[in-house]
Every structure is written in structure tokens, then in C-alpha cells.
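Please keep the sequence and the structure in view while reading.

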Amino acid sequence: MEAHGIRVLEPPEGIPATNMPVLTPLLDRNTVTAGTMAVATGLLVALGVVLAVSGGHGIAVPLALLVFMTPSSLFFGYSALAGSSSMRKLTGKPFRLVSGLDDAVVAGARVSVPLDGRWLVVRLPIPLRTQLAAQRRLWVLGPFVMLPGVVVPRRGAFRDAPVKGSVPFAFEPVSPGRMLATQRRLLSAYYLISVVMLLVMSAFAFWTSADYPKRDSVVVRYSGYFGYGCAAGALGLAVVALVLLRKLPEPRWTELAVVSGPASISFFGMVTVKGRTVLPDGREVTVTAGGSDPSLAANIAATGRLWVLGVPAAGKTAKAGVPGHAVFGPVRFGR
């Protein structure tokens, strides 16, 4: 797709979804990774049960394993079975483009779209809702939804009626500054959730240090250090979360052409692409993109274009994305 001179990666129309770059290997890798994590965390849950039943290990250690690993195992199991694995079975069919969205409604984070006499309800974070409100188009494959430029699918559900309390999902143009602000707000929220988790882990660590019966054990010796480390990490993340909420001036984008190979996917589902580009000062350098957002590397590999916030410099790491789209991530330039 090309909108306002900006090309982005989108599903191929009318042909099987498996032909979309990155999508199939990303789903396969996420299925393996989530399944592996579900089994690993499930074993830790079993260990917590064994320690609790056998006795001699106090209360804090078994309880910590049960409190942290049980929801983790359920989350990874659900992600593998109902998420990537379920969508992988549908990739032999083509995506369906739904545009206009004149009758779509929204209630909080849940957007309801009329489709074939029913309502497709999907929960979208604020950057994706902001993009959808401006572009009014999405791709549907079964209950899964993808937005232009975004390779991570969102699972929805078909219902007979929209979410109660929904209001019309109005068209709302978005500036690059507002899109960036929504992304920073979402990242700040994730950091604040991590702060809470780190504080809980810190409390369990200090409790373990005082509760573990075998006082000469390495568990007692190092759990206190672990607790202080978690507390320090929570403080650092809290500061970063607050900094992300600062209002920034309207960003300036620099467009670069990139010659790259295909995107690669790591065991943990990280999508990376490496190539070469010419900076505004005329220097030819290497560029590597990949990290928190797989959509960034996928778009660079598919379109050969890179959008950087500000003016890029050799030997530096810069923030990049796709203007008007919920796609952001780091890129590193060589010398």
C-alpha cells in the first residue's frame, strides 16, 4: 500500500496469507517459543507444588513459584494455542480487506466492526485505535485482525451485537506527533506494570531471605541482593515511564532508502533486518533494525524505505518508524 507517499507492508489481496512476507515464519516461531515457555513455566509450577508439599523450604519460595509461574504458564499456553498456532492454520486462505468502517463503534479499547451480519469485536491498544480511526481500513483473516504496516495480528471474536455502551467510531486524522505520543503512553503503561511486578518480586525476595529455614543456604545469601536489584530496577523503570509522558515537539522524519536482504527471526520472535543506506551527509553506512517491534524490520525489508526521527548519524542508534502508523523501534547505523 502507498498512502500519502508512504509505502507499508500489507497482506496480499486475493491470494493465500502465507505469501505475506515474515508472517508465516513469525507465527511458526511464536508458536514454538510460546509452547516452550508454557512447558518451562509449567515445570516451575510443579516444582513449587513439590516444595510446598515436601516441606523444609519455608513458605515464600513455593508461593513465589506458584504466584509468578502459574499465570505465566497459562498466558504462554493460550498464546500458543489460541494465538499464533490458530492463525497459522488459516494462512492458506486470503486476507479480506475491510475499509470505510462507517458503522463501526468503539467502547474503551474494544472496537466492533459489522461483518457479514455479525460483529467482529477486537481489543486494540491506543496506537492501533488511533491509526485505525485515521485510516479506516483493516485486514481480516477469520477472527484475526491486522492493520496496514503492522505484522502482529490481534485476535478478535464474532458476536451477535457490539459491546454494550459503544459509541460511533468517528474518523479522526492523526499527526505524527500524536501517533508518537500514543506509542509513548502505551510504553509508559507497560513500564509501570513492570514496576509493580518488580516490587512484588523484591518483596518475595526479602521474604525468602527471612523465611527460608536453611540459614546457611545460597538462597538466603543471594535473595536479599536479588530483592535490592529488583527494587533498583523498579525505580529506574518508574523514572523512564514518567519521562515518556513528557510532551514532545512535532517530530521531523528523515526518509532513507535501504538495500537489504530478507528479514530474519530469532528464537524469541525478534524480527531483524540488516542492510546499507546513504545518510543525508552522503556517507554510506550499514544499518540494522530490530528489537521490540517486529513490524519495523518487516516494513524495511518489504519496502526498502526507512523513516528515522530527526537526522540520523553514523555510529549512532536512532528511533525509527512509519509516519502515521503504529510502528516504532530502534535502528543502529554503522560507521
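Four strands make up an open sheet in the order 3-7-8-9, and their pairing is antiparallel. Strand 3 (96-99) and strand 9 (154-155) are its edge strands, each with a single partner strand, so one side of each has no neighbour in the sheet. Two strands are taken to pair if DSSP finds at least two bridges between them, and the strands (E, at least two residues) and helices (H or I, at least four residues) are DSSP runs numbered from the N terminus.

The model is a predicted one, in which local features need pLDDT of at least 70 and side-chain atom pairs count only at pLDDT 80 or more, whereas totals for chains, interfaces and linings use all residues. Residues are numbered from 1 along each chain as its sequence is written, and side-chain values use heavy atoms, with hydrogens and water left out.

- Strand 3 is joined by four bridges to strand 7 (residues 137-141), and the two run antiparallel.
- Within this pairing, the residue standing opposite V98 is L138 in strand 7.

**Overall make-up**

- The protein contains six helices and 18 strands, and its C-alpha atoms fill a box of roughly 65 × 55 × 35 Å when this is taken along the principal axes.
- Of its 335 residues, 44% count as buried, where buried means under 20% relative accessible area, exposed means over 50%, and partly exposed lies in between (1.4 Å probe, protein chains only).
- Among the contacts in the protein with a separation of 6 or more, 66% come from residues 24 or more positions apart, a contact being heavy atoms within 4.5 Å.
- The protein exposes about 16900 Å², of which carbon and sulfur atoms supply 63%; accessible areas come from the Shrake-Rupley method with a 1.4 Å probe, and for residues only the protein chains shown count as cover.
- There are 33 positive and 16 negative side chains, with the centres of the two sets 7 Å apart. Lys and Arg count as positive and Asp and Glu as negative, while His and the chain ends are not counted, and each charge is placed at NZ of Lys, CZ of Arg, CG of Asp or CD of Glu.

- Another open sheet, with antiparallel pairing, has five strands in the order 10-6-5-4-11. Its edge strands are strand 10 (157-159) and strand 11 (167-168), each of which pairs on one side only.
- Strand 5 (residues 110-115) and strand 6 (residues 118-123) are paired in the antiparallel sense over six bridges, and R110 has R123 in strand 6 as its bridge partner.

**Strand 16 and its partners**

- Strand 16 (residues 305-309) is mostly covered, since four of its five residues are buried.
- Strand 12 (residues 253-260) runs antiparallel to strand 16 and is joined to it by five bridges, with A257 opposite R305 in strand 16.
- Strand 17 (residues 317-321) also runs antiparallel to strand 16, through two bridges, and here V308 stands opposite A320 in strand 17.

- Strand 14 (residues 271-278) and strand 15 (residues 284-290) run antiparallel and are joined by seven bridges, among which T272 has G290 in strand 15 as its bridge partner.

**Helices and buried residues**

- Helix 5 (residues 218-244) has 27 residues and should span 39 Å at 1.5 Å a residue, which agrees with the 38 Å between its end C-alpha atoms; the expected span is 1.5 Å times one less than the number of residues.
- Buried residues in helix 5 include V220, S223, G224, G227 and C230, and helix 4 (176-211) is part of what covers the buried residues of helix 5.
- S84, located in helix 2 (residues 60-88), counts as buried because its relative accessibility is 9%. Leaving aside residues up to four places away in sequence, S84 touches L27, N30, T31 and S79.
- T33 lies in helix 1 (residues 23-54) and is buried, with a relative accessible area of 10%. Not counting residues up to four places away in sequence, T33 touches F267 and F268.
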